[in-house]
Amino acid sequence: MRRAWQCRLRAGVYGLLKDEKGSAHLLLFGLLGMITAAFIWVIAFNWMMQTYGMNKTKPLLDRATHSASLDIVPEEAALGRLVWDSTKGTDDFYRYLRLNLKLDSDLTPEEGSHLREAPVVHHLEFVTSPAYPYVLQRTVTVHTGTAKQTTRSIQVTIYGPSVVAIVELNQPLLGLSRSEPAVLSSVASVRFR
């Protein structure tokens, strides 16, 4: 009895496979759909990780820029003029950048840092203008001299004497052997009221 049942089962399965038409197409379309979904997932995951890294780094960069903006010459301030001590401000910017992002003296990430590669500081400027608001425009080239060379334009509106920092971060990409550069700008303005 068991043998007869197995024979009928085999005949039934064979009959189903024999009468099936287009199943290879359905299988291929299913595989194509899964590959497409996996590709979209990887792209979305890379975008989320880059956004997370930028959202985590931007406030820390803003704090370093703010610390640089606090270094004014007291004698000039007593006369009502805003003049930065740019040497001390630059030193404070890098000191707070290293402390906040957990970097060593050459800006290489230490253990516990959320960065994988050292940030590149393209511009650190102490900006004043005869009239405000003032639109500051800078161009930054990332991966200079390589096949991945890209030019990024930064436009910042400042409303008073300001310290502007433009920093490049490289975020690793899931599934790729390269990293994507992200350029962040930070402005610490002093507004006259």
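**Notes on the fold**

Reply: Starting inside the fold, leucine 124 is found in strand β1, residues 120-127. Keep in mind that this is a predicted model.

Me: ok, is leucine 124 buried, exposed or partly exposed?

Reply: Leucine 124 counts as partly exposed, because its relative accessibility is 21% and buried means under 20%.

Me: and what is leucine 124 in contact with, leaving aside neighbours within four places?

Reply: Thr90, Phe93, Tyr94, Val163, Val164 and Ala165. Leucine 124 can also be placed against valine 187: the two are 63 residues apart in sequence, and their C-alpha atoms are 9.9 Å apart in space.

Me: Let me back up. How many helices and strands does the protein have?

Reply: There are four helices and five strands. Along the sequence the pattern runs α-α-α-α-β-β-β-β-β.

Me: what share of the residues is buried?

Reply: 27% of the 193 residues count as buried. The protein exposes about 13,000 Å², and carbon and sulfur atoms supply 59% of that area.

Me: and contacts, what share comes from residues 24 or more positions apart?

Reply: 57%, taken over the contacts with a separation of 6 or more.

Me: Helices next. How do the axes of α2 and α4 cross?

Reply: The axes of helix α2 (residues 23-69) and helix α4 (residues 86-101) come within 7 Å and cross at roughly 155°. The two helices are therefore roughly antiparallel to each other, since angles over 145 degrees count that way.

Me: left-handed or right-handed?

Reply: The crossing of α2 and α4 is right-handed.

Me: which residues meet there?

Reply: On the α2 side they are Thr57, Leu60, Leu61, Arg63, Ala64, Thr65, Ser67 and Ala68. On the α4 side they are Gly89, Asp92, Phe93, Tyr96, Leu97, Asn100 and Leu101. By type, the residues of this contact divide into eight nonpolar, five polar and two charged.

Me: what does aspartate 92 touch?

Reply: Ser67 and Asp71, not counting residues up to four places away in sequence. Ser67 is also one of the α2 residues that meet α4.

Me: Back to the strands. Where is valine 167, and is it buried or exposed?

Reply: Valine 167 sits in strand β4, residues 162-172. Valine 167 is buried, with a relative accessible area of 4%.

Me: which residues is valine 167 in contact with?

Reply: Leaving aside neighbours within four places in sequence, the list is Leu61, Phe93, Pro119, Val120, Val121, Ala182, Val183 and Leu184. Of these, Val183 is 16 residues away in sequence, with 5.7 Å between the C-alpha atoms of the pair. Leu61 belongs to α2 and Phe93 to α4, and both are listed where those helices meet. Phe93 is also in contact with leucine 124.

Me: Backbone check. What is phi at lysine 102 and at leucine 107?

Reply: Lysine 102 has a positive phi of about 55°, and leucine 107 has a positive phi of about 65°. Most residues other than glycine have a negative phi.

Me: where are they?

Reply: Lysine 102 is in the loop between α4 and β1, and leucine 107 lies in the loop between α4 and β1 as well. Lysine 102 is partly exposed at 42% relative accessible area, whereas leucine 107 counts as buried at 12%.

Me: what does leucine 107 touch?

Reply: Tyr94, Leu97, Arg98, Ala118 and Pro119, not counting residues up to four places away in sequence. Alanine 118 is eleven residues from leucine 107 in sequence, and their C-alpha atoms are 5.4 Å apart.

Me: Last one. Which residues does the cis peptide bond join?

Reply: Tyrosine 132 and proline 133, with omega at about 0°. Most peptide bonds are trans. Proline 133 is placed in the loop between β1 and β2, the latter being residues 134-142.

Conventions: Residues are numbered from 1 along each chain as its sequence is written. This is a predicted model: local features need pLDDT of at least 70, side-chain atom pairs count only at pLDDT 80 or more; totals for chains, interfaces and linings use all residues. Side-chain values use heavy atoms; hydrogens and water are left out. Buried means under 20% relative accessible area, exposed over 50%, partly exposed in between (1.4 Å probe, protein chains only). Contact means heavy atoms within 4.5 Å. Accessible areas come from the Shrake-Rupley method with a 1.4 Å probe; for residues, only the protein chains shown count as cover. Axes are lines fitted to C-alpha atoms, for helices over the stretch in contact, and angles run from 0 to 180 degrees between N-to-C directions. Angles under 35 degrees count as roughly parallel, over 145 as roughly antiparallel, 65 to 115 as roughly perpendicular and the rest as oblique. A crossing is left-handed if the near helix is turned anticlockwise from the far one by less than a right angle, and right-handed if clockwise. Ala, Val, Leu, Ile, Met, Phe, Trp, Tyr, Cys and Pro count as nonpolar, Asp, Glu, Lys and Arg as charged, and the others, Gly among them, as polar.
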